[in-house]
Amino acid sequence: MKILLRAATILDSKSPFHNQTLDVYIQDGWIKKIGPELQNDGAQEIQLPNLQISTGWFDSSVSLGEPGFEDRETISNGLTVAAKSGFTAIALQPNSFPIIDNQSQINFVRNKAQHSVTQLYPIGALTVGSEGKDMAELYDMKKAGAIAFGDYNKSLDNANLMKIALQYVQDFDGLVIAFAQDEKIKGNGVANEGLASTRLGLKGIPALAEELHIARNLFLLEYTGGKLHIPTISTQKSVALIKEAKAKGLAVSCSVSVHHLVLNEDLLDGFDTRYKVSPPLRSEADRKALIEGVLDGTIDMITSDHNPIDIEHKKMEFDGAKIGTIGLESAFGALSTVLPTPVIIDKLTAGKTTFGIPVTTIEEGQMANITLFTSEGESVFEKENILSKSKNSAFLGQPMKGKVYGCIHQNQIVLN
């Protein structure tokens with residue numbers, strides 16, 4: 001396959017061509033030539049308005065459903081959605097049925113993802129069945145291709161089990177993911193504890209539920225050593241706690257979801273269950289603190305936290321609805337309304353280093369792992385923009401900026 005990208009502005013700080021607008025010639029999955037006005041020798045020529053390219057994006061938290069919940073999303077369609085959304089790699093959460101907690105389940109999802117443009121990297125469950133009781137077969141899953149271990153949207157109440165896990169994975173350079181939410185403090189809460197929940201009569205989830213678990217896990221990390229990733233933080237104090245831990249030299253990383261950077265609790269006024277997520281949408285002050293955490297480097301990466309839910313479990317009263325929003329399709333457009341493009345690119349690619357995924361650059365002789373997009377143009381996210389099987393997007397009706405054109409990876413190209 002031969003591809004010639006015309007007049008592409010290269011946004012890759014590690015590339016010698018950073019911030020230059022040039023042609024890029026790709027042959028058999030490799031970047032062969034970069035320069036002005038390259039000659040076309042029969043390649044597929046791609047010329048798009050205000051074309052910008054970067055190294056392929058990585059999403060550190062994607063749920064797809066298969067196996068068990070194929071009505072929500074299949075691996076095949078989910079990877080196509082990811083590719084059209086600009087992601088050349090995703091980390092798959094283990095919250096399928098059965099839970100991905102052993103070697104055979106890791107092999108199953110990896111085999112399902114073969115030959116896709118977007119590479120699938122599975123996360124193995126930290127505990128058997130994600131029940132928080134017994135540690136899963138972490139080493140076997142690591143050998144089978146798991147890149148990290150965590151129970152999706154479930155905090156591990158057993159502090160000793162978390163301590164043992166952090167110690168155990170050090171023998172094979174494993175990464176523990178620790179979602180932070182104290183279930184006892186959360187109780188029956190469904191929304192951020194604050195003015196909005198009080199006004200609406202919804203049971204509140206205090207910020208303390210998250211912050212207490214983060215503080216505990218950071219104490220454990222300081223004791224054990226090893227590597228810890230804290231996903232989808234959502235409060236001002238959480239940012240401060242992680243910033244302090246990094247200053248101490250602890251090997252901790254964290255992510256924030258797109259919806260926590262762009263949306264806040266004020267959207268709950270209509271009791272729309274599309275906004276029921278975990279952790280809950282927080283206050284405007286928290287949202288601004290998260291933005292600041294991204295800008296100052298405390299927050300390492302941004303995730304869509306894509307979680308498709310079938311309509312039967314979303315279109316119901318707020319208290320009973322399942323948590324989760326899809327987010328792949330809207331990620332770049334929504335982020336572009338609150339962050340500069342270079343920061344977005346950095347935070348959508350930096351997670352590769354944390355999760356041990358190969359890092360590429362845009363230069364001659366490198367494998368073509370490229371996302372195509374433009375930061376120009378404005379639009380509103382509508383139902384027809386949803387590519388996923390499930391339609392539970394918190395971003396419907398939200399303003400978007402820029403557009404993803406597609407990506408090139410694995411000697412394949414996907415364009416919208």
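Helices (H or I, at least four residues) and strands (E, at least two) are DSSP runs, numbered from the N terminus. The model is predicted: local features need pLDDT of at least 70, side-chain atom pairs count only at pLDDT 80 or more, and totals for chains, interfaces and linings use all residues. Residues are numbered from 1 along each chain as its sequence is written, and side-chain values use heavy atoms, with hydrogens and water left out.

**View 1. Serine 130 has a positive phi.** Its phi is near 50°, and the residue is not glycine. Serine 130 sits in the loop between strand 8 (119–124) and helix 3 (138–144). Most residues other than glycine have a negative phi.

**View 2. A cis peptide bond joins glutamate 66 and proline 67.** Omega is about 0°. Proline 67 belongs to the loop between strand 6 (57–62) and helix 1 (75–84).

**View 3. The bond from serine 278 to proline 279 is cis.** Here omega is near -5°. The loop between helix 9 (258–262) and helix 10 (284–295) holds proline 279. Most peptide bonds are trans.

**View 4. Phenylalanine 149 and phenylalanine 172 form an edge-to-face aromatic pair.** The rule pairs rings of Phe, Tyr and Trp (its six-membered ring) whose centres lie within 6.5 Å; planes under 30 degrees apart count as stacked, over 60 as edge-to-face and the rest as tilted. It gives nine aromatic pairs. In this one, the centres are 6.3 Å apart and the planes stand at 90°. Phenylalanine 149 is in strand 9 (residues 148–149), and phenylalanine 172 is in the loop between helix 4 (159–168) and strand 10 (176–177). The two are 23 residues apart.

**View 5. Domain 1 meets domain 2.** An automatic or database assignment sets the bounds: domain 1 is 2–52 + 365–390 + 398–415, and domain 2 is 56–355. Their C-alpha centres lie 28 Å apart. Contact (heavy atoms within 4.5 Å) takes 29 residues from domain 1 and 37 residues from domain 2. The buried area (accessible area, 1.4 Å probe, that two parts lose on being put together, summed over both) is about 2500 Å². Carbon and sulfur atoms give 61% of it. Leu387, Lys389 and Ser390 supply 22% of the area that domain 1 buries against domain 2, more than any other three residues.

View 6. Strand 17 gives the most, with ten residues.
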